[in-house]
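Hi there,

Here is the structure I promised to pass on.

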Amino acid sequence: MGKITGFLEYDRKDNIAILPKERIKNFNEFHESLPMEERRKQAARCMNCGVPFCQAGMMISNMTFGCPLNNLIPEWNDLLYTGNLKQAYERLRKTNNFPEFTGRVCPALCEKACTCNLNEEAVATKSNELEVVENAYREGYVKANVPSTRTGKKIAIIGSGPSGLAAADQLNQRGHSVTVFERHDRVGGLLMYGIPNMKLEKQFILRRVAIMEEEGVIFKTGVNVGVDIKAKDLMKDYDRVILCCGASNPRDINVPGRDAKGIYFAVDFLRATTKSLLDSDLKDKKFISVKDKNVIVIGGGDTGNDCVGTSIRLGAKSVTQLEMMPEPPKERLASNPWPEWPRILKTDYGQEEAIAVSGHDPRIYCTTVKEFKADKQGNLKKAVLVSLESKKDSKTGRFSMVEIEGSEKEVNADVVLIAAGFLGSEEYVTKDFKVDLTPRTNVKTDEGKYETSVKNVFVAGDMHRGQSLVVWGIHEGREVAKAVDISLMGYTNLD
C-alpha cells in the first residue's frame with residue numbers, strides 16, 4: 001500500500017459537477033475531472049483492506065455488495081497513487097472490458113461496500129476508475145490488439161448492449177470470428193439509446209467500437225433478428241449464437257384513459273430524444289416534445305430520473321415524478337448495516353435540476369395514477385392521482401401498497417412517461433429461437449449456466465437475469481464467453 005495513512009490525511013473529493021441551471025442548457029456530460037495530483041490523493045485513501053469488500057461481488061439479502069466484475073480495486077488505486085498509470089490501466093482492463101462506461105454510469109457498488117464507508121466517506125473509486133481509463137486513451141495505451149491466430153469458429157451475437165459487447169470482445173480476443181447484430185441504427189444497445197448523453201456521451205461508445213472493429217469484430221446494424229433474419233438461418237450459418245437482446249419489454253400502467261394521446265414508455269421517449277440529438281442536434285424534431293408541457297414521470301428509479309433530466313432540458317413547464325413506495329430514510333437503519341447496499345434517500349442529477357428550476361423536489365412518494373383524462377380530441381389533459389399505504393395481507397402475511405380511500409387528487413398532465421421497469425425479453429425473438437422462458441419471461445438456463453434449452457444457443461445480460469445494471473451486463477458477457485469457448489474448444493483460457 002503506497003500511503004498507509006492516506007485515508008486519515010485526505011478527505012474525499014469527487015469530480016466537480018457543473019451547476020444545475022448551467023448544465024441543463026445542453027445534453028453534455030457535466031462533471032469536470034480533478035487535477036492529477038488531487039486524483040492521486042483520492043487513490044491514496046484506499047486502505048488495501050485485509051478483506052477488500054469493494055471487489056467482492058457477492059450477494060447479501062438479495063442485494064449485491066462489491067463489484068460484480070471483481071475489479072482489482074486496491075491494486076489499481078495503489079498504482080494510480082504511485083503514478084504507474086499504464087500498469088493501473090492494465091490491471092483495470094484485466095477484469096473490465098469497458099471501464100470508460102462503468103466509470104460514468106455505474107452506481108458504484110464498490111464504494112457502498114468500501115471499508116471507509118463504514119465510518120467515513122468511501123474512496124472515490126468510480127471517478128478514479130474513469131481517470132485511469134481516460135488517461136490511458138490520452139497517452140495511447142489503449143490500442144487495437146488483433147488476434148494473431150483464428151480458430152475458424154463463427155459466433156453470432158444478437159444485441160450490442162453491455163453484455164453483447166463484452167461477449168464479443170472476449171470471444172474475438174480468443175480468436176473466434178464474431179459478428180454482432182443490432183436492430184437499431186447504431187451500436188450500443190442500452191448504452192446508446194437507453195442512457196442519456198449527459199450520463200454517457202456517445203463518442204465514448206463509438207471510440208471503443210472502432211477499436212473492436214479494428215480487432216476484427218463485425219457489427220451489422222439495422223438488422224432485426226427474428227424479423228429480417230430468422231433464427232434457423234443464423235443457427236445454420238454460425239457455430240454458436242448468443243442472445244443479448246436485453247429486457248426490453250416495458251411494464252405498462254393499465255388504468256382508465258390509458259389510450260389518451262400523450263402517454264409514452266420512458267424507453268421510447270429517451271431513445272427518440274437521443275437519436276434526434278445525434279442525427280440533427282434536435283433540429284429534425286423527431287422526438288417527443290415536452291416543451292411548455294406538464295410532465296408526469298411514473299417510476300422512481302434511474303430511468304425515471306433520466307426522464308426528469310431530459311424533460312427539464314427539453315423545456316417542460318413542470319415535472320412531477322411519482323413513486324409508489326415510501327420515501328427512504330436519509331441514513332442507514334439498523335436493519336440495513338454496512339456492507340449491504342444502503343437503502344437511503346438518493347437525490348440524483350435530474351431531481352437536483354428539477355429542484356433548481358422549480359424550487360421543490362419533483363418526487364411524490366406513496367402515490368400512483370388511478371385514471372387519465374383526455375379532451376374531446378383524445379389528448380391527455382389530467383391525471384387522477386391516489387395515495388397509497390403499506391398494508392399486511394392477513395392470508396399471505398405479505399405487505400403491499402394499497403389505495404387510501406378518498407385520497408384522489410386531479411392534476412394537470414399533458415405528457416406521461418411510464419418508467420415502471422421491464423417485464424423481460426421480447427416475444428418475437430424468444431419464439432423464433434424456441435427457447436424456454438422463466439415465469440418472468442427471461443430466457444431460462446440451468447442455475448449458473450448460460451446455454452439455453454436449444455443446443456448451441458446461449459444467453460446473457462438482462463435477457464438472462466432480468467433488468468439490471470451495466471456492470472452486471474459486462475459480467476454476464478464475460479461469463480457467457482467462457483461458456484461458449486468451452487463448448488467450442490473443450491476448455492477456456494478466458495479470465
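**Cavities, a pocket and the overall fold**

The lining of the largest cavity divides into 10 nonpolar, four polar and two charged residues. Please keep in mind that this is a predicted model.

That cavity has a volume of about 120 Å³. Its lining has 16 residues, and those closest to the centre are Cys 67, Asn 71, Cys 106, Cys 110 and Glu 129. Helices α4 (73-81), α7 (109-112) and α8 each supply at least two residues of this lining, with α8 giving the largest share, three residues.

How many cavities of 30 Å³ or more are there? The count comes to three. The second largest cavity holds about 90 Å³ of space. It is also lined by 16 residues, and here Cys 46, Cys 49, Cys 54, Cys 114 and Thr 115 lie nearest the centre. By class, the lining of the second largest cavity has 12 nonpolar residues, four polar and no charged. Helix α4 gives the most to this lining, with three residues.

Val 133 sits in helix α8, which covers residues 125-139. Is Val 133 buried or exposed? Its relative accessibility is 0%, so Val 133 counts as buried. Apart from neighbours within four places in sequence, Val 133 is in contact with Tyr 89, Pro 99 and Glu 100. Leu 92 is 41 residues from Val 133 in sequence, yet their C-alpha atoms are 8.2 Å apart in space.

Next, an open site. The second largest pocket has a volume of about 400 Å³. Of the 18 residues that line this pocket, Arg 93, Asn 145, Asp 169, Gln 170 and Gln 173 lie nearest its centre. The elements giving two or more residues to the lining are α5 (85-95), α9 (162-174) and α11 (203-214). Its lining has eight charged, five polar and five nonpolar residues.

Finally, the chain as a whole. The protein chain has 18 helices and 20 strands. Its radius of gyration is 23 Å, close to the 23 Å that the globule rule gives for 495 residues, so the chain is as compact as a globular protein of that length. The C-alpha trace spans about 65 × 60 × 55 Å along its principal axes. Buried residues make up 51% of the 495. Of the contacts with a separation of 6 or more, 67% are between residues 24 or more positions apart. The accessible surface comes to about 22900 Å², and 49% of that belongs to carbon and sulfur atoms.

Best wishes

Definitions and conventions
Residues are numbered from 1 along each chain as its sequence is written. This is a predicted model: local features need pLDDT of at least 70, side-chain atom pairs count only at pLDDT 80 or more; totals for chains, interfaces and linings use all residues. Side-chain values use heavy atoms; hydrogens and water are left out. On a 1 Å grid over the protein atoms alone, a cavity is a set of points where a 1.4 Å probe fits but cannot get out, and a pocket is an open set with protein on both sides within 12 Å along at least five of seven lines; lining residues have an atom within 4 Å of a point. Grid points are joined across faces, edges and corners, and a volume is the space filled by probe spheres set on the points. Helices (H or I, at least four residues) and strands (E, at least two) are DSSP runs, numbered from the N terminus. Ala, Val, Leu, Ile, Met, Phe, Trp, Tyr, Cys and Pro count as nonpolar, Asp, Glu, Lys and Arg as charged, and the others, Gly among them, as polar. The radius of gyration is taken over C-alpha atoms; the globule rule is 2.2 Å times the number of residues to the power 0.38. Buried means under 20% relative accessible area, exposed over 50%, partly exposed in between (1.4 Å probe, protein chains only). Contact means heavy atoms within 4.5 Å. Accessible areas come from the Shrake-Rupley method with a 1.4 Å probe; for residues, only the protein chains shown count as cover.
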